[in-house]
Structure formats: C-alpha cells, structure tokens
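Here is a note for a colleague who is opening this entry for the first time. Please keep the sequence and the 3D view at hand while going through the points.

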Amino acid sequence: MERVQLERLLDGGDETSLAALAALRAGASHVVWDGTTSAESLAKIYGRRLRLTRRKGIETSGLERAVQGLDLYGRPVRLGQIRTADGSWIFMLFLDEDGSTLVACTGVWHTQPGPARTDTW
C-alpha cells in the first residue's frame, strides 16, 4: 500500500491512529500484508495481549478499543504495521478486506528498540 493512501486512512482517526500517522510522516516504515484474517480470532489474540501488557506494565495505545472494534466488526481484516523510525513503537493496523477503511489501530511501546522485525506482535 502506498504511504499516501495509508496516511489518508489514518487521518482524522482516534489518538492512536493520529500517533501512527505522525510516525509515518516522520519516516516510519510500514507494510500492509496481502490476505485477510478473521477479526474474531484477532480479537481473541489481542485480548490476551491486552491482559499480558497490563500485567507486565507495558505501555500500549488503543489496544482495548482495537479489541472491542475487532470483536464487533465480524468480517475478515487485512493487517498492516507501522514501526517508528527509532523502533520504540509498533502500530498494528486492521483494515477492511480491500484496504479502503481502517477498522482499528493499536500501538505498543518497545522497551528495547532494535532492527525491524516482522514477527513482533
């Protein structure tokens, strides 16, 4: 997905989406993967991550809202990721099947930034 198209999807969103947009405009890397995944299964996965991050005191942004949004959405979603230039934040994007609408966005702060990885979150 083109950076400009992703910027349009994030613009005017909630606080987390705006933080992801700011990161993107500041040079963050991004990817939107092909294919879709069940929103219901992602709601369960990210629900567990919500409990884990709370238990460990890891800073997140919009995670609870994303879990709720995925749970209510009920249709397949495409996944995307934005990683800040310094690697301190990773934002996960949940888009509708054709990538034209942002369903949810969440971010997690990484205490040990490092090289870009695709297996995080």
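The numbered points below go through charged pairs, a surface patch and a few contacts.

1. A word of caution comes first: the model is predicted, and the distances and accessibilities quoted in this note should be read with that in mind.

2. The structure holds five salt bridges, and three of them are taken up in the points that follow, including the pair formed by the side chains of Arg78 and Asp34, where nitrogen and oxygen are 3.9 Å apart.

3. Asp34, with 73% relative accessibility, counts as exposed.

4. A second salt bridge joins the side chains of Glu40 and Lys44, with an N to O distance of 3.6 Å. Both residues lie in helix 3, and the four residues that separate them correspond to about one turn of the helix. Glu40, at 48% relative accessibility, counts as partly exposed, because the class of exposed residues begins only over 50%.

5. Arg54 and Glu64 form a further salt bridge, in which the closest N and O atoms are 2.7 Å apart. Arg54 is exposed, its relative accessible area being 53%, while Glu64 is partly exposed at 40%.

6. Which residues gather in a patch of positive charge on the surface? They are Arg48, Arg51, Arg55 and Lys56. For Lys56 the location is given in more detail: this residue is found in helix 3, which runs over residues 39–56, and with 59% relative accessibility Lys56 counts as exposed.

7. Helix 3 also contains Ile45, which at 30% relative accessibility counts as partly exposed. The C-alpha atom of Ile45 is separated by 8.7 Å from that of Val67, although the two residues are 22 positions apart along the chain.

8. In strand 3, a reader may wish to look at Gln81, which counts as buried at 6% relative accessibility. Gln81 and Val32 are 49 residues apart in sequence, and yet their C-alpha atoms are 6.4 Å apart in space.

9. Is Thr106 buried or exposed? Thr106, which lies in strand 5 (residues 102–109), has a relative accessible area of 0% and is buried. A polar atom of the Thr106 side chain lies 3.3 Å from the backbone nitrogen of Leu63, a distance that falls within the 3.5 Å used for a polar contact.

Notes
Residues are numbered from 1 along each chain as its sequence is written. This is a predicted model: local features need pLDDT of at least 70, side-chain atom pairs count only at pLDDT 80 or more; totals for chains, interfaces and linings use all residues. Side-chain values use heavy atoms; hydrogens and water are left out. Patches are made of residues with over 30% relative accessible area and no salt bridge: like charges are joined within 9 Å, nonpolar side chains (Val, Leu, Ile, Met, Phe, Trp, Tyr) within 5 Å. Accessible areas come from the Shrake-Rupley method with a 1.4 Å probe; for residues, only the protein chains shown count as cover. A salt bridge is a side-chain nitrogen of Lys or Arg within 4 Å of a carboxyl oxygen of Asp or Glu. Lys and Arg count as positive and Asp and Glu as negative; His and the chain ends are not counted. The place of a charge is taken as NZ of Lys, CZ of Arg, CG of Asp or CD of Glu. Helices (H or I, at least four residues) and strands (E, at least two) are DSSP runs, numbered from the N terminus. Buried means under 20% relative accessible area, exposed over 50%, partly exposed in between (1.4 Å probe, protein chains only). A polar contact is a pair of N or O atoms within 3.5 Å; within protein, one must be able to donate a hydrogen and the other to accept it, and residues adjacent in sequence count only if both atoms are side-chain atoms.
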